[in-house]
Amino acid sequence: MHIKDIRVGIDQPFFLIAGPDTLESESLAIEVAGHLKEVTDRLGIGYVFKGSFDKANRTSLNSYRGPGMEEGLRILEKIQSDIGVPVTTDVHEYTPIAEVAAVVDLIQTPAFLCRQTDFIVNAASHGKPVNIKKGQFLSPWEMARVVEKARSTGNENILVAERGFSFGYNNLVSDMRGLAVMRETGAPVVFDCTHSVQLPGGQGGSSGGQRQFIPVLARAAIGAGVSGLFMETHPKPDEALCDGPNSMPLDRVEELLVSLKALDDAVKARPLLENSLEN
């Protein structure tokens with residue numbers, strides 16, 4: 001499958017979906033997208049800019065949700081035209097998805113909504129690739145049913161994403177075996193290395209995070225052979241309006257990608273051994 005001119009597949013080099021969790025301003029989006037375009041071009045990594053215009057799953061009523069759909073889509077179109085990279089954003093049950101699909105190159109669905117049949121079918125019905133995040137409450141093998149719902153629309157361009165599983169209170173854990181299980185759906189697997197270190201509601205009125213573990217989980221996922229990596233990044237994570245504690249500092253992304261690129265090249269130089277082992 002392709003996202004614009006980026007070839008995405010189980011046997012392809014990994015690609016990157018990255019940006020601030022939630023769109024804050026046009027200038028910030030341009031800064032992040034421009035920097036990551038330069039870095040990924042230099043390293044030969046396909047890049048998709050991500051920014052949310054309305055995050056409905058906030059910890060508290062007063063949490064920042066984004067600039068709204070009209071302004072958000074305007075910023076995303078600006079990224080496409082000025083920076084020249086594909087863009088993605090997430091949609092919700094109330095979102096007029098056709099209007100979003102007319103702009104973005106990849107539709108993303110939130111983890112909490114992965115079991116909503118009508119929503120998944122609607123998201124997959126607009127002719128665009130769809131990245132479906134696995135719920136924090138769902139086993140990896142249950143994603144086969146979710147993919148089946150999306151493909152019932154005739155859309156074969158479906159990706160599945162892991163973002164951690166609820167583990168006790170205010171904590172998530174990532175089971176790397178699940179990446180291989182989700183790959184059995186035939187859909188390229190994306191690993192969200194920043195939401196996976198989130199501590200949901202861990203700060204009372206907002207979520208906490210452990211960004212020091214982002215490189216650890218990113219390397220593990222690339223070692224498991226994922227097709228794509230999702231990463232939230234911000235020039236000043238401690239000042240981000242959303243998900244700062246689990247965002248990667250923008251000026252540290254390149255050194256992480258350098259090691260991930262070398263690891264990805266090594267892992268995919270040979271067939272994945274687990275595919276030929278019997279259980």
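In this predicted model, the exposed residues Glu70 and Ser81 sit on the face of helix α2 that is turned away from its buried side. The buried residues of α2 are Gly72, Leu73, Ile75, Leu76 and Ile79. Viewed down the helix axis, these buried residues of α2 fall within an arc of 160°, so they line one face of the helix. An α-helix has 3.6 residues a turn, so residues three or four places apart point the same way.

The buried residues of α2 pack against α1, β4, β5 (87-90) and α3 (97-101). Helix α2 covers residues 69-82, and at 1.5 Å a residue its 14 residues should span 20 Å; the C-alpha atoms at its ends are 20 Å apart, which agrees. Just after α2, Gly84 has a positive phi of about 80°.

Strand β3 (residues 15-19) is mostly covered, with 5 of its 5 residues buried. In a regular strand the side chains alternate between the two faces of the sheet. Both faces of β3 are covered: Phe15, Ile17 and Gly19 are buried on one side, and Leu16 and Ala18 on the other.

| Partner of β3 | Sense | Bridges |
|---|---|---|
| β14 (residues 228-234) | parallel | 5 bridges |
| β4 (residues 47-50) | parallel | 3 bridges |

On the β4 side, Ile17 stands opposite Val48. Strand β3 is also part of a right-handed β-α-β unit, made together with helix α1 (residues 26-43) and β4.

Note on methods
Residues numbered from 1 in each chain as written. Predicted model: local features only at pLDDT ≥ 70, side-chain atom pairs only at ≥ 80, totals over all residues. Heavy atoms only, no water. Buried < 20%, exposed > 50% of the residue type's maximum accessible area, 1.4 Å probe, protein only. Helix = DSSP H or I, 4+ residues; strand = E, 2+ residues; numbered from the N terminus. Pairing = 2+ DSSP bridges. Right-handed = clockwise from strand over helix to strand, strands pointing away. Expected span 1.5 Å × (residues − 1). Arc of directions from axis to C-beta. Contact = heavy atoms within 4.5 Å.
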